[in-house]
Amino acid sequence: MKRAAELGSVLNRILKDLHIEKKVYQSQALLLWSEVVGEKISKISRAERVDNGILFVRVDSPSWRTELIYLKRDIIHRLNKKIGVNVITDIRFK
């Protein structure tokens, strides 16, 4: 376990040195979308990209879009908590 923590620390330092740390964290938001929002919401939505901390999500219907707008703050909080840093500042549903 200690070796995994050391490896994680080394990887974080390399990402920071390469100035790609933020991009990697933002990419994690795309990968974690389904896990964070759950099966029901992940069936009607797809996280498409992150640009300057804004996560763009395609939603299948206007009614779900409205529902997700109400859940936006909670989803941002859960994504950032899961990633471990506050990299997502907003979500745009389209």
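Figure 1. At 40% relative accessibility, Arg-92 counts as partly exposed, a class that lies between buried (under 20% relative accessible area) and exposed (over 50%), as found with a 1.4 Å probe on protein chains only. The structure is a predicted model, in which local features need pLDDT of at least 70 and side-chain atom pairs count only at pLDDT 80 or more, while totals for chains, interfaces and linings use all residues. Residues are numbered from 1 along each chain as its sequence is written, and side-chain values use heavy atoms, with hydrogens and water left out. Arg-92 forms a salt bridge with Asp-90, with the closest N and O atoms 3.4 Å apart; a salt bridge is a side-chain nitrogen of Lys or Arg within 4 Å of a carboxyl oxygen of Asp or Glu.

Figure 2. Asp-90 belongs to strand S3, which covers residues 90-93. Helices (H or I, at least four residues) and strands (E, at least two) are DSSP runs, numbered from the N terminus. Asp-90 counts as buried because its relative accessibility is 15%. Leaving aside residues up to four places away in sequence, Asp-90 touches Gly-53, Ile-54, Leu-55, Lys-72, Arg-73 and Ile-76, where contact means heavy atoms within 4.5 Å.

**Figure 3. The salt bridge between Lys-82 and Glu-35.** By the rule for salt bridges, the count comes to nine. In one of them, Lys-82 is paired with Glu-35, and the closest N and O atoms are 2.6 Å apart. This pair links distant parts of the chain, since Lys-82 lies in helix H4 (residues 62-83) and Glu-35 in helix H2 (residues 21-37), 47 residues apart. Lys-82 is partly exposed, with a relative accessible area of 46%, and Glu-35 is also partly exposed, at 48% relative accessibility.

**Figure 4. The salt bridge between Glu-48 and Arg-58.** The side chains of Glu-48 and Arg-58 meet in a salt bridge, at 2.9 Å from N to O. Glu-48 lies in strand S1 (residues 45-51) and Arg-58 in strand S2 (residues 54-59), so the pair ties together parts that are 10 residues apart in sequence. Glu-48 is partly exposed, with a relative accessible area of 35%; for Arg-58, likewise partly exposed, the value is 34%. Salt bridges that share partners join Glu-48, Arg-58 and Lys-94 into one network.

**Figure 5. Arg-49 over the ring of Phe-56.** Arg-49 lies over the face of Phe-56, at 3.9 Å from the ring centre. A charge sits over a ring if NZ of Lys or CZ of Arg is within 6 Å of the ring centre and within 35 degrees of the ring normal.

**Figure 6. Glu-21 in helix H2.** Glu-21 has its place in helix H2 and counts as partly exposed, at 22% relative accessibility. Glu-21 touches Leu-15 and Lys-16, when residues up to four places away in sequence are not counted. Glu-21 and Leu-11 are 10 residues apart in sequence and 9.7 Å apart in space, C-alpha to C-alpha.

**Figure 7. Confidence along the chain.** The mean pLDDT of the chain is 92, and 100% of its residues reach 70 or more; pLDDT is the predictor's confidence in each residue, from 0 to 100. Confidence is lowest in helix H1 (residues 2-17), at a mean of 81, and highest in S3, at 98.
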